[in-house]
Amino acid sequence: MKIPGWLHLPAGPASLDLDSPEGVQARARMIRDKGLLKKFYENCYLQLRDASTDFPAGPRIEIGSGGGFIREVIPGVIETDVMESSHPQVVASGMKIPFRSQSLAGLYSLNVIHHIPDPDAFFRELVRTVKPGGGIVLVEPANTPMSSFIFRNFHHEDFDTSKDWTLPPGGGPMSNANQAIPWIIFFRDRALFEKKHPELKIRFVRHHSSLGYILSGGVSMRQFLPTSFSGAIRTTESLMGGLHKLFGLFMTIKLKRV
């Protein structure tokens with residue numbers, strides 16, 4: 001479904017090379033300048049923080065920091081990214097994390113797993129680098145009736161629930177993606193995940209963000225409401241409860257390393 005022209009952002013994905021320095025910088029500006037989109041990111045970072053309070057002491061890193069601002073919400077996190085142009089503290093791929101075995105207390109990830117070409121390699125690195133008792137908290141696209149409709153029709157990234165866990169070779173770190181991969185791994189193929197990675201236990205999956213992300217326009221469209229509505233949006237979402245399983249665009253997943 002084509003997005004009406006008046007809704008398009010002038011510097012949205014359709015007009016940018018997402019894997020270029022200019023694309024990275026434009027995305028970072030967009031996250032900060034669109035008030036409701038920034039509130040969405042802040043809420044996700046708070047969920048990452050609150051879900052990791054039982055992790056042991058020690059360094060924590062973010063995989064795929066991109067244009068985000070996690071250190072403003074969770075001070076002390078080490079930002080890593082595969083793209084130098086995002087100016088991370090450490091340039092690294094999630095498939096080869098440059099930290100010693102069992103040296104990390106935890107990892108954070110926001111909309112990254114569906115960009116990693118080989119998630120199995122990432123999970124093996126997670127098991128290697130994280131201490132027992134630590135883990136990872138991820139925020140990723142969900143597969144609900146609402147999210148499936150939005151992502152299939154109005155988002156620039158692929159959303160294909162019939163695919164396997166991997167991405168085709170040759171794509172860029174941002175442009176190559178399948179937003180359905182987290183659902184494929186943790187729902188459709190959950191038994192396979194548990195068999196392949198028994199050291200990682202799924203503690204919970206929570207659906208959320210039924211309104212805020214849509215009304216922010218995401219990274220493709222203009223914002224639909226003034227930022228002053230952010231409090232009302234958050235209150236409404238907090239009252240939705242189980243309805244997020246129908247309307248939530250995202251899910252927070254917590255894995256513990258045993």
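Trainee: Which helix is Leu246 found in?

Mentor: Leu246 is found in helix α9, residues 244-247. Helices are DSSP runs of H or I with at least four residues, strands are runs of E with at least two, and both are numbered from the N terminus. Before we go on: this is a predicted model, where local features need pLDDT of at least 70, side-chain atom pairs count only at pLDDT 80 or more, and totals for chains, interfaces and linings use all residues. Residues are numbered from 1 along each chain as its sequence is written, and side-chain values use heavy atoms, with hydrogens and water left out.

Trainee: Why is Leu246 called partly exposed?

Mentor: Buried means under 20% relative accessible area and exposed means over 50%, with partly exposed in between (1.4 Å probe, protein chains only). Leu246 has 42%, so it is partly exposed.

Trainee: And what makes Ser85 buried?

Mentor: Its relative accessible area is 17%, which is under 20%, so Ser85 counts as buried. Ser85 lies in the loop between β2 (78-81) and β3 (90-91). Not counting residues up to four places away in sequence, Ser85 touches Ser20, Pro21 and Val24, where contact means heavy atoms within 4.5 Å.

Trainee: How do you know that helix α3 is largely enclosed by the rest of the structure?

Mentor: Count its buried residues: nine of the 11 in α3 (residues 119-129) are buried, so the helix is largely enclosed. Phe122, Phe123 and Leu126 are among them.

Trainee: What does Phe123 contact?

Mentor: Leaving aside neighbours within four places in sequence, Phe123 is in contact with Trp165, Ile185, Phe186, Phe193, His197, Leu200 and Leu255.

Trainee: Which residues touch the most other members of the largest nonpolar core?

Mentor: Leu107, Phe122, Phe123, Phe193 and Leu255 do, in a core of 59 residues. Helix α2 (residues 35-51) gives the most to this core, with seven residues. A nonpolar core is a set of buried Ala, Val, Leu, Ile, Met, Phe, Trp, Tyr and Cys residues joined through side-chain atoms within 4.5 Å. In soluble globular proteins, nonpolar side chains tend to be buried together.
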